[in-house]
Protein chains: 2
Amino acid sequence: MAERTVGITLLGCGVVGSGVAQILHDQGDLIACRTGLRFDIRHVAVRDPSKHPKDLPLTTDISSAIADPKSEIIVELMGGTTTAASAIEQSLKLGKSVVTANKSLLAARGPELFALARKHDASIAFEASCAGGIPIINALMQGLVANRIDALVGIVNGTCNFILTQMTKHAQSYTDALKGAQAAGYAEADPSMDVQGRDAAQKLAILSSLAFNSLVRESDIHIEGIDTLDAADIKYSGELGYVIKLLAIAHRRGDQLSLRVHPTLVHQDDVLAEVSGSFNAVSLFGSATGHTLFYGRGAGKLPTASAVVSDLIATAMGVTPLAFKQLRIFPDALPPTRLLPIEELTTRFYLRMMIKDEPGVLAQITRVLGTHQISLASFLQHELLDGGAVPIVLTTHSAKEGAMQSALQEINKLPPLMSRPVCLRIIDQPKEFEAV
Amino acid sequence: MAERTVGITLLGCGVVGSGVAQILHDQGDLIACRTGLRFDIRHVAVRDPSKHPKDLPLTTDISSAIADPKSEIIVELMGGTTTAASAIEQSLKLGKSVVTANKSLLAARGPELFALARKHDASIAFEASCAGGIPIINALMQGLVANRIDALVGIVNGTCNFILTQMTKHAQSYTDALKGAQAAGYAEADPSMDVQGRDAAQKLAILSSLAFNSLVRESDIHIEGIDTLDAADIKYSGELGYVIKLLAIAHRRGDQLSLRVHPTLVHQDDVLAEVSGSFNAVSLFGSATGHTLFYGRGAGKLPTASAVVSDLIATAMGVTPLAFKQLRIFPDALPPTRLLPIEELTTRFYLRMMIKDEPGVLAQITRVLGTHQISLASFLQHELLDGGAVPIVLTTHSAKEGAMQSALQEINKLPPLMSRPVCLRIIDQPKEFEAV
């Protein structure tokens, strides 16, 4: 069979962009053999050509690179929400389909860009925006499309997972683990987007919109990062049989969605507990499939580039444009989300309190919890520490978040309390979500 | 937007067929909302209408049910390789695309059916043929299409995994675990296709063909089942830190493929060790993605029906036919496989020998292994059993299968051996396969 050559323009040639060029070079024959397509990189638009390999067709003229009639598909890998947005707009207005990995842009301006694409009979593909090499967008758009999704639980930020894994396996402090992650290239110099949970929340917004047929924005999501996490809680969680992970969680309660990103205790037998280092994993609970899980490298040059190239292929084959035209699961076609307020959330909790060792303290704490309908599931008390503070660690059965917050205010006023209690949430997947 | 009604015919209404009818009924509104499509089941062809719900449009006339001009897509869920084959042929000749879950038929006659589909401008979708609710075919055809696949390692038979889980967690014998699986509906009255590994091999043939661009047939695969497995080896494996799983393994050595289905020792820290009961999981090692893993229910009414309905939707949207026309990864387009002979396989081994407790036995055994270049990795000897037989259990470093078979013949002749040695293979994924 004859091969067809497809001209493309890459906008940006950082880590992912150079990965795309590498895959198209190294696997060009394999891709042609499988798909009949050969991709011709006509332009690579960069800010400073002196910083990139000379054998690429570098240019600083983004607009001309997009407008070239022989560039059929535009691959946006610049990141950011300004130049990237206008470049995508220019492409779509020319009727050219776009492949992007830009989750911040989709989270901020998804609906208008998708509407613009539709207006100009073009498509936007964005597999690379979430969970790197894991084809999770494709699973939601196609593989699990016959399912009402009941819950989505993901480890979607490799930086945080790397840091938490170091803290768990090597008993490092948060500060040391962050330094290690920066040294290993897993965390940026300014790690705030990652460690404060915003990157995970932007991914959750994209995945939830597809999963729940409802437009989820970053601002809909309750976000707590890992930057305030104490190594002691990782240690005590381990003694109770749990591992702490930064989870992005979306689940349905009736017609409302609970959306949250926070450090979460996961049981050591849970598959998610085995997801280590920079790996990502997403659990989906479908009305027909029950529990499914997708695991792989959530970031990095070649895994993310793999997602970009799979989008390129599906776009060039016409498969993505055809699906885009018919599917009504993209942000511009979705109604706003009905949110479950965080106070209404029902979940299990982990509490750690540092107290003065006096008779009757535990009775006082359990009495407060009891008046808020919160009952204990397990309990751990260690011997006296040097400073005279005794850590009391407990887990609860399911309770309302609002009730727990009220209880915590009262507990915080008890005289033996030496500092604010630490309160984390526990997840019991699959038991908690599986309907099958 | 307007809805489009798509007429379909179901051939067969057993477990999966009734699941498809149920999903199209229960999730009809959701599917219409997501895709703009509404499926109208025009005929359900069955052998004995008295055995099925009266509210379905039952018929015994397969040929007319297929020929109905208002039936656009034919869903074959009868199973078997005779009536099902002629029904699919009739459908394709009428230019109607087919959705099937029939792995035996694809394994036996895939290439000719795919060629027939291509000739008549129709498509065959078969997500439901492997791993139930896990969209693994889609991952290979689309999500990971930019990767050279280096290895595929799967737990793809839920019956065997259920039996092995019972044997592992509850120390049951194979016979008791099989009875339990039959009572729970996880094993058929004649379980031979499952427990002898043929079902897993047929799935491996389909998945490997897609993954390695090479036509793999069941007869290319070295197959050992779980029906000869002794509970003692599960126990000793556990003491050494391993779990025994029936794995379907395909991996590349240069331009040759090693293809095998056999009970395998998996380290307790491996994600595959956590795949319990009737769940399935498939690891894929891609040149760009590195290790990815897809996990979910590998069988059952609704999970398998979920895969059928996702194929129905993609076929009705025109996405599957468009991909089918262009992708060259289907059996009719693939060259035959270059096989790595099993003797050439390099792997680690587990050995158990029952010996008479005499001085110098271990020296004799290690001498034989040494002369075949096989070195020990770990060793376990328990105290004397009642019958005077002492179990010696050991694991080896990597060695050639051929060398091990020669060594076993010699060991079997040593006077202290009281029965044939048990020899199982060990897998070290991801370390063994990951190239990234």
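**Reading a predicted two-chain model**

Colleague: Is Asp121(B) buried or exposed?

Modeller: A residue is counted as buried if 20 or more other C-beta atoms lie within 10 Å of its own, as exposed if 12 or fewer do, and as partly exposed in between, with the C-beta atoms placed from the backbone. Asp121(B) has 12 other C-beta atoms within 10 Å and is therefore exposed. Its phi is near 60°, a positive value in a residue other than glycine, and Asp121(B) is found in the loop between α5 (103-119) and β6 (124-125) of chain B. This is a predicted model, in which local features need pLDDT of at least 70 and side-chain atom pairs count only at pLDDT 80 or more, whereas totals for chains, interfaces and linings use all residues. Residues are numbered from 1 along each chain as its sequence is written, while chains are lettered from A and ligands numbered from 1 in the order in which they are written.

Colleague: How many residues does each chain bring to the contact?

Modeller: Two residues are in contact if their C-beta atoms, placed from the backbone, lie within 7 Å. Chain A gives 54 residues and chain B gives 53. Among the elements that give two or more residues on the chain A side are β12 (290-297) and α12 (301-316); helices (H or I, at least four residues) and strands (E, at least two) are DSSP runs, numbered from the N terminus.

Colleague: Which strand of chain B is joined to β12(A), and how do the two run?

Modeller: Strands pair if DSSP finds at least two bridges between them. Here 3 bridges join β12(A) to β12 of chain B, residues 290-297, and the two run antiparallel; Leu293(A), for instance, has Tyr295(B) as its bridge partner.

Colleague: How should I read the length and burial of α12(A)?

Modeller: The expected span of a helix is 1.5 Å times one less than its number of residues. With 16 residues, α12(A) reaches 22 Å from its first C-alpha to its last, close to the 22 Å expected. Because 15 of its 16 residues are buried, α12(A) is largely enclosed by the rest of the structure. After the helix comes Gly318(A), whose phi is positive, near 90°.

Colleague: Which strands are joined to β15(A) by bridges?

Modeller: Strand β13 (residues 346-356) of chain A is joined to β15(A) by 7 bridges, and β14 (residues 376-381) of chain A by 5; each runs antiparallel to β15(A). Strand β15 itself, residues 389-396, is mostly covered, with 6 of its 8 residues buried.
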